[in-house]
Amino acid sequence: MAGHEIPEPKDRKPLADPGSEPRTVEEARHACDPAFRHGVVVGFDGSTSSERALAYAIGMAGRSGSGLIIVHVANRLPTTVWAGCEPPVFVDVPDHRTEVLGLELACADYLSEVPWVLVERGGDICHELEEVGREYAADAIVVGSTHGIVGRIFGSVAGRLARRAQRPVIVIP
């Protein structure tokens with residue numbers, strides 16, 4: 001239809017302010033929803049121990065009237081495994097598990113009790129949980145304990161996090 005214009009909706013907001021400077025990735029990463037400040041951070045990967053940690057964190061957030069920040073740390077592998085190069089360079093491995101976990105959490109009835117957000121990160125689990133805790137000024141970080149030989153050989157996430165964290169760490173058995 002030549003000459004016919006579709007009017008813009010009056011309530012439409014611009015996606016970006018044309019006069020503003022673009023933010024760097026680092027600035028955008030540290031911008032968090034203020035509704036979740038002083039919330040409870042919980043590490044979640046779908047395992048049994050992380051499900052127990054999530055259940056505890058839901059109760060803790062509900063009792064304190066705060067939000068729940070669910071963190072899934074995606075896999076990162078060193079390229080030295082394949083290329084033999086130095087220094088180690090890390091490659092993000094496509095991890096569709098976050099999408100699956102997000103859908104499972106969105107359908108979960110037990111999460112209707114508290115406001116929650118799912119945050120995906122890539123890298124070292126301990127570092128990323130502590131970083132998210134710092135960004136949201138979290139009151140606590142809740143993680144599940146590691147069972148098995150791998151945790152005993154390489155050290156558990158809970159143990160490493162408890163030694164280095166700047167906020168309370170609650171380990172759920």
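Student: What should I know before I start?

Tutor: This is a predicted model, in which local features need pLDDT of at least 70 and side-chain atom pairs count only at pLDDT 80 or more, while totals for chains, interfaces and linings use all residues. Residues are numbered from 1 along each chain as its sequence is written, and side-chain values use heavy atoms, with hydrogens and water left out.

Student: Which way do the side chains of β2 point, and are they buried or exposed?

Tutor: In a regular strand the side chains alternate between the two faces of the sheet. Helices (H or I, at least four residues) and strands (E, at least two) are DSSP runs, numbered from the N terminus, and buried means under 20% relative accessible area, exposed over 50%, and partly exposed in between, with a 1.4 Å probe and protein chains only. In strand β2, residues 68-74, L68, I70, H72 and A74 point one way, I69, V71 and V73 point the other way, and all are buried.

Student: Which strands pair with β2, and in what sense?

Tutor: Two strands pair if DSSP finds at least two bridges between them. Strand β1 (residues 40-43) runs parallel to β2 and is joined to it by 4 bridges, with V42 having I70 as its bridge partner in β2. The chain passes from β1 through helix α2 (residues 48-64) to β2 in a right-handed β-α-β crossover, a term meaning that, with the strands pointing away from the viewer, the path from the first strand over the helix to the second runs clockwise. Strand β5 (residues 116-122) also pairs with β2 in the parallel sense, over 7 bridges, and V117 in β5 stands opposite I69.

Student: What does A53 touch?

Tutor: Contact means heavy atoms within 4.5 Å. A53 lies in helix α2 and counts as buried because its relative accessible area is 0%. Not counting residues up to four places away in sequence, A53 touches V42, V142, V143, G144 and I172. The C-alpha atoms of A53 and V142 are separated by 6.1 Å, although the two residues are 89 apart along the chain.

Student: Which side chain does R121 join in a polar contact?

Tutor: A polar contact is a pair of N or O atoms within 3.5 Å; within protein, one must be able to donate a hydrogen and the other to accept it, and residues adjacent in sequence count only if both atoms are side-chain atoms. R121, in strand β5, has a 2.7 Å polar contact between its side chain and that of E135. R121 counts as buried because its relative accessibility is 8%, and E135 is among the buried residues of α5.
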